[in-house]
Amino acid sequence: MTSMLKTLSRPFVAKSSGDLARLGVLLALAGLILFGALRYDNFISPFNILSFLRYNSMFALIALGMAFVIITGGIDLSVGGVAAMASVVAAYLSLYGWFPGLAGGVLAGLVAGSINGVITTRLRIQPFIATLAMMLAAYGTALLLANNQSVSVSYDTAFTMIGQDDFLGFPIPGWIAGFAYVLGWIFLERHPAGRHVLAIGDGEATANLMGLKVERTLFAVYALSGVLAGLAGVILASQFGAGQPTEGVGWELFAIASVVVGGTLLTGGSGSVGATLAGALLLAMVFNILNFENGLGWISLSAYWQSVIRGVFLLIVVVLQAGLMKKTEA
Amino acid sequence: MLLTMQDISKAFSGVSALRSASLSIAEGEVMALVGQNGAGKSTLIKILTGVYQRDTGLIKFQDEDVVFATPSASQAKGIATIYQEINLAPQRSVAENIYLSREPRKFFGLLDRRAMREGAAAVLKTFNLDIDVDMPVAHFNAATRQMIAIARAVTQKAKLVIMDEPTSSLDEREVGILFDTIRTLKKNGVSVLFIGHRLDELYEICDRVTIMRDGQTVAQSAMQDMPKMELVRHMLGKELAAFEAIARDAGNDDSRPIRLSAEAVGSGVRVRDVSLTVREGEISGLAGLLGSGRTETARIVFGVDKLDKGKIRVDGKERSYSEPADAIADGIGLVSEDRKIDGIVPDMSIRENMTLALLPKLKKAGIVDRARQQEIVTRYIKALGVKCASPDQPIKELSGGNQQKVLLARWLCTDPRILIIDEPTRGIDIGAKAEILKLLRSLADEGLSVLMISSELEELLAAADRVTVLSDGRSVAVLKRNELSETALLSAMAHQVN
């Protein structure tokens, strides 16, 4: 009788099909770094590494928020617009010091994200539609606030340090993103509320019947995505010295791509913070390498070609992952 | 009494689902809750667990008046529900599923993963289940998932565990394990509300039984004081007056050619061994309790579900359809049980609804031949007596009986030789019921073979030329016209024949 029901524990490699995909993205990242290091002289230089991290921290932040949204089975198309809006708000408030600038940008993101949360949970509007509307509204607000031009930040306050300076030899945006990822990891993997995010993505009706606070959690996830987009906007304004109402176009796609490359299913219920970071770094690394390739002078790829190549690369990674996942399931 | 529900009523947009229903369960008791589809069992459960709110009535749980606003409120009081489709988060681990929403915590509110893992393993062990609690639930079979759900209930310190058709996806061995688990629960003073249809199982595991029909509690007694026949009679009840008998008098003519036959067919766990025949120009009834495999049998014949074993013959030739389109091409039509879900497209007109299945044949140069469509629609509206303002009226505006006629017309205009019709008069008022049955009769007289699935005794008694009775996925009796009677049908359904 004992363990009559014992299911055959399969020869054990990965607990879920996502695990291998996550391993895949790490391998791809390592391969790309190795390729760059061998091919280009200054690829591994401190300058390249630090500026890579400084610039791409923004994208990593929005990818983190997107990961949580996608894990619940939703999507947030508004992050680019919200970042643009936040950058304008932050630029205006930077006159009063670095903290008002930072807080103002983050608050703008929180407001936008909360509205997304209310519309999707209370009004039961599809996240795709709700956040698409928010994207348009956020860009509109950004242009209105900025009178259709970029808004210079204050150079008299410490605001520009947020995006441009280093702390302990490491770019401040890198610290911010790193800190956000550590918290995000602890939250998703080790905190009950993070597990609830995963369970809700697995099935909202089921989660509700199991007594989880579905609406509250979904609201929080969209608010979080807004906050991180706001933070990215603050870094954007600080790094480029101006609030940019027309920046952020396509950021949501970069974020979605990072999450997907990181092995998170668009259907929700599975996902990893670490792999999302690896996915974001991987996609950014492709750009970095293309820049170096142009620098060699043998070929000259326009930004358009770079975009095409990145798209093809993304497709290859996703197809490879799909293959890996199928194998684990078999 | 652990639980007393008294005079519970509930209506949905004016239609009453429960009318003064009641239910009471003692501590450590296994109570069976039985009834036909639509009897109000699930509404009653959902009111108890806080998914719905009652309109009137009283609920006492552990001698305390309670109103549960949400499922989590009832869980907090010690009522755990294991739904038919086992509600667990499939990608989360076993341990997480057992503890979701009540996780053990350590510093900073973080998960105490070790306590969770050890606790989960310990509680599963009490059910003789030794599995890797870190594996996602989706890796396990239905029976194991059910144990996990029960383990979840136990760690919730549930006083009452509600199981909604827990055996519907289990095989015999797994049912045995489930019953052992229920006995363990009982020994620990936990009560179980067991919703099920397989009579043998109910008699094996349950102490008492509550029978519901039409939103009311019609009987409550100790299991051993309730003979099977009596139980079935209570469940099915009697509908107003019996219909006028419209079956062919001595029409049980075994010399007619066999149109459709199933020989010992099986598929999955729902259909194990079903044989039936439908002859030319006859209405062949298919009877059985809920869950006996009637609808599933129709799905196999129609090519929706795969045939695992046995043979299906149409006009003597062996057939195995891989999809409904093949069955349709062979002249078989299926009018499904639930009009709202599988049948009508509510916002489309009568014309469109009626010719949906015919559209491929209605094309002229790639577009719909409106003139022919109009002609067909007019003809069937007249022939079947559909009461409507115009063919362009949205079908949702029609009464249930008229909607059913449109659906019937949808298949008739494809010129089927065999029509399978599942619960032809469900949700239709009594006058329209008789009319639909007469219509089927006259179609049969013109040579159509009808396989009529029905849970209403009167309907079968009135219209069927022969009735095949299913029980637990097996055909247990075939009653010819001259053998048909209420008693014969009831005892076959209760499986006392053979």
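**Terms and their cut-offs**

Analyst: B:D63 counts as exposed because it has 8 C-beta neighbours inside 10 Å, and the cut-offs are buried for 20 or more other C-beta atoms within 10 Å, exposed for 12 or fewer and partly exposed in between, with C-beta atoms placed from the backbone. This is a predicted model, in which local features need pLDDT of at least 70, side-chain atom pairs count only at pLDDT 80 or more, and totals for chains, interfaces and linings use all residues. Residues are numbered from 1 along each chain as its sequence is written, while chains are lettered from A and ligands numbered from 1 in the order in which they are written.

User: Where is B:D63 found, and what is its phi?

Analyst: B:D63 is in the loop between β4 (56-61) and α2 of chain B. Helices (H or I, at least four residues) and strands (E, at least two) are DSSP runs, numbered from the N terminus. The phi of B:D63 is positive, about 60 degrees, although the residue is not a glycine.

User: What makes B:E165 count as buried, exposed or partly exposed?

Analyst: B:E165 has 19 C-beta neighbours inside 10 Å, so it counts as partly exposed. B:E165 sits in the loop between β6 (160-164) and α6 (172-187) of chain B. Its phi is also positive, near 45 degrees, in a residue other than glycine.

User: Which word applies to A:Q149, buried or exposed?

Analyst: A:Q149 has 12 other C-beta atoms within 10 Å and is therefore exposed. A:Q149 belongs to the loop between α5 (127-146) and β1 (151-152) of chain A. The C-alpha atoms of A:Q149 and A:G243 are 8.7 Å apart in space, and the two residues are 94 apart in sequence.

User: What makes B:E280 partly exposed, and which residues does it touch?

Analyst: B:E280 has 17 other C-beta atoms within 10 Å, so it is partly exposed. B:E280 lies in the loop between β11 (271-279) and β12 (283-288) of chain B. Leaving out residues up to four places away in sequence, B:E280 touches B:R256, B:P257, B:R259, B:G447 and B:S449; contact requires C-beta atoms, placed from the backbone, to lie within 7 Å. Of these residues, B:R259 is 21 residues away along the chain, with a C-alpha separation of 5.6 Å from B:E280.

User: Why are α7(A) and α8(A) called roughly perpendicular?

Analyst: Helix α7 (residues 172-190) and helix α8 (residues 192-202) of chain A pack at about 70 degrees, with axes 5 Å apart. The axes are lines fitted to C-alpha atoms, for helices over the stretch in contact, and angles run from 0 to 180 degrees between N-to-C directions. Angles under 35 degrees count as roughly parallel, over 145 as roughly antiparallel, 65 to 115 as roughly perpendicular and the rest as oblique. α7(A) and α8(A) are therefore roughly perpendicular to each other. In their contact, A:F187, A:L188 and A:E189 of α7(A) meet A:A193, A:G194 and A:V197 of α8(A).

User: What makes α2(A) oblique to α12(A)?

Analyst: The axes of helix α2 (residues 46-71) and helix α12 (residues 273-296) of chain A come within 9 Å and cross at roughly 140 degrees. That makes α2(A) oblique to α12(A). This crossing is right-handed too. The contact has 10 nonpolar, four polar and no charged residues, where Ala, Val, Leu, Ile, Met, Phe, Trp, Tyr, Cys and Pro are nonpolar, Asp, Glu, Lys and Arg are charged, and the others, Gly among them, are polar.

User: How many residues of chain B are in contact with chain A?

Analyst: 33 residues of chain B contact 27 residues of chain A. The chain B side has 16 nonpolar, 10 polar and seven charged residues.

Note on methods
A crossing is left-handed if the near helix is turned anticlockwise from the far one by less than a right angle, and right-handed if clockwise. Two residues are in contact if their C-beta atoms, placed from the backbone, lie within 7 Å.
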